[in-house]
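Let me bring it up.

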Amino acid sequence: MPANKRLLVLPGDGIGPEVMREVRRVIDWMEHRQRARFEIEEGLVGGAALDAEGTPCSDKTVASARQADAVLFGSVGGPKWDSLPFDQRPELGILRLRKELGLFANLRPAIVLDPLVDASSLKPEIVRGLDIIIVRESTGGIYFGEPRGVHTDANGKRIGIDTEVYSEDEIARVARVAFDLARKRRNKVTSTEKANVMQSGRLWRAVVTEIHKAEFADVELEHMYADNAAMQLCSRPKQFDVILASNLFGDVLSDLAAALTGSLGMLPSATLGAVGADGRRHALYEPIHGSAPDIAGRGVANPCAQILSFAMLLRWSFGMEEDAQLIERAVERVLAGGMRTADIMQPGMARISTAVMGESVVRELGKLSA
Ligand code: IPM
Ligand code: MG
């Protein structure tokens with residue numbers, strides 16, 4: 001039996017805890033089958049942490065995240081905390097973890113699984129077989145740039161300020177992640193910015209071009225304005241392989257890409273730090289969907305994105321490619337068998353609960369590994 005793998009599990013708010021419960025089923029199955037052994041610590045983040053500890057992400061949670069081999073994150077936020085001051089919002093929980101652990105590369109796949117091709121708002125021929133990934137910079141740019149804030153000018157009028165700042169090293173390291181990833185896929189990177197209007201966009205384009213020339217000339221590189229990329233994603237999404245974007249553009253483009261698949265409840269993500277001298281890298285895995293407070297606590301949420309985030313964790317943090325694929329295939333087989341949670345319900349299919357989806361995935365795991 002290999003050594004214990006240390007996980008920090010942060011279910012968070014809304015549907016986070018209920019979809020995380022279904023991952024626990026998968027983990028139990030793996031341990032029972034002696035495929036791996038995990039040492040799991042559970043912690044608080046977001047609104048749940050605000051209520052219990054008075055802060056959306058305590059020093060203790062950050063320390064536990066540093067110690068862990070990988071963090072499995074649920075989702076944060078909800079109406080209960082909407083009126084809090086800006087510096088106490090639950091969303092700061094995830095932002096603090098990204099920043100303090102140096103998780104600068106946010107990988108967001110948008111995949112259309114065959115059984116769900118009709119769930120997309122786009123025509124089946126446009127999205128069938130879609131498999132793209134967005135590499136979003138996630139510790140810099142306008143999310144963290146200074147100056148920021150709301151000030152009052154000499155005439156007593158308020159001014160809101162955010163600042164987009166990127167150093168060349170920040171651009172270079174995330175570009176390398178995108179190029180590396182492309183080599184394992186269809187070998188193409190589309191780098192997005194607004195070099196036509198933004199100074200940081202000009203630098204972005206220049207640095208990506210330099211890194212490409214010096215280290216990744218074998219990879220196809222294309223530059224595209226971010227607004228055009230949004231349009232192209234809606235009209236011809238299959239032209240893309242890896243899309244590289246800043247924190248803000250990546251946030252927007254990844255929601256758009258996720259919507260194209262018609263199944264936000266299916267999409268996982270990984271956020272990776274740099275590889276340290278000891279070969280270790282901090283990493284956090286989370287579904288794209290968020291806390292969905294409107295359906296929380298009703299047992300109807302789709303746990304697949306959280307389960308698939310765990311599959312990404314096995315792949316990226318532990319090199320367990322075979323187990324990751326097994327989980328991905330199990331999810332696809334449940335869908336192919338006609339089972340659907342409410343978010344991906346289609347005519348003629350069987351509508352099932354969060355728990356039944358989790359149980360069904362585990363049942364398929366059993367069959368696939370028999
Ligand atoms: C995301 C979310 C977050 C972000 C929020 C919750 C801070 O929208 O992960 O895409 O903007 O990064
Ligand atoms: Mg977002």
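So, helix α10, residues 304-318, and helix α11, residues 321-336: their axes come within 7 Å and cross at roughly 160°. Keep in mind that this is a predicted model. With an angle over 145 counting as roughly antiparallel, α10 and α11 are therefore roughly antiparallel to each other. The crossing of α10 past α11 is left-handed.

Who's touching whom? On the α10 side you've got Cys 304, Ile 307, Leu 308, Phe 310, Ala 311, Leu 314 and Arg 315, and they meet Glu 321, Asp 323, Ala 324, Gln 325, Ile 327, Glu 328 and Val 331 in α11. Sort the residues of that contact by type and you get nine nonpolar, one polar and four charged.

Let's stay with the charged ones for a moment. Arg 315 forms a salt bridge with Glu 321, and the closest N and O atoms are 2.8 Å apart. How accessible are those two partners? Arg 315 is partly exposed, at a relative accessible area of 22%, and Glu 321 also counts as partly exposed, at 33%.

Then there's Asp 323, which is in helix α11 too. Buried or exposed, what would you guess for Asp 323? Its relative accessibility is 11%, and the cut-off for buried is under 20%, so Asp 323 counts as buried. Setting aside residues up to four places away in sequence, Asp 323 touches Met 30, Arg 35 and Leu 314.

Arg 35 makes a salt bridge with Glu 322, with the closest N and O atoms 3.8 Å apart. Arg 35 sits in the loop between α1 and β2 while Glu 322 is in helix α11, so this pair ties together parts that are 287 residues apart in sequence. Arg 35 is partly exposed, with a relative accessible area of 25%, whereas Glu 322 counts as exposed at 61%.

Arg 24 and Glu 42 meet through their side chains in a salt bridge, 3.0 Å from N to O. Arg 24 is in helix α1 and Glu 42 in strand β2, residues 38-42, so to speak distant parts of the chain, 18 residues apart. Arg 24 is partly exposed, with a relative accessible area of 30%.

How many salt bridges are there in the structure? The structure holds 28. As a reminder, side chains of opposite charge can pair when their charged atoms come close.

Helix α1, residues 16-32, packs with helix α12, residues 354-368, at an angle of about 20°, with the axes 9 Å apart. That makes α1 roughly parallel to α12. Here α1 passes α12 in a right-handed crossing.

The α1 side of this contact is Glu 18, Val 19, Glu 22, Arg 25, Val 26 and Trp 29, and across from them in α12 are Thr 354, Ala 355, Gly 358, Glu 359, Val 362, Leu 365 and Gly 366. By type, that's six nonpolar, three polar and four charged.

Which residues of α4 are buried? Those are Gly 93, Ile 94, Leu 95, Leu 97 and Arg 98. The elements covering the buried residues include β1 (5-12), α3 (59-67), β3 (70-75), β4 (105-111), β5 (131-137) and β12 (283-287). And just after α4, Gly 102 takes a positive phi of about 65°.

Ala 105 is buried, at a relative accessible area of 0%. What's around Ala 105, leaving aside its neighbours within four places in sequence? Ala 105 is in contact with Arg 136, Ser 138, Val 174, Val 177, Ala 270, Thr 271 and Leu 272. If you want a distance to check on your own screen, Ala 105 and Trp 81 are 24 residues apart in sequence and 28 Å apart in space, C-alpha to C-alpha.

That's my tour, thanks everyone.

How values were computed:
Residues numbered from 1 in each chain as written. Chains lettered and ligands numbered in written order. Predicted model: local features only at pLDDT ≥ 70, side-chain atom pairs only at ≥ 80, totals over all residues. Heavy atoms only, no water. Axes fitted to C-alpha atoms, helices over the stretch in contact; angles between N-to-C directions. Helix = DSSP H or I, 4+ residues; strand = E, 2+ residues; numbered from the N terminus. Parallel < 35°, antiparallel > 145°, perpendicular 65-115°, else oblique. Left-handed = near helix turned anticlockwise from the far one by under 90°. Contact = heavy atoms within 4.5 Å. Nonpolar A, V, L, I, M, F, W, Y, C, P; charged D, E, K, R; others polar. Salt bridge = Lys/Arg side-chain N within 4 Å of Asp/Glu carboxyl O. Buried < 20%, exposed > 50% of the residue type's maximum accessible area, 1.4 Å probe, protein only.
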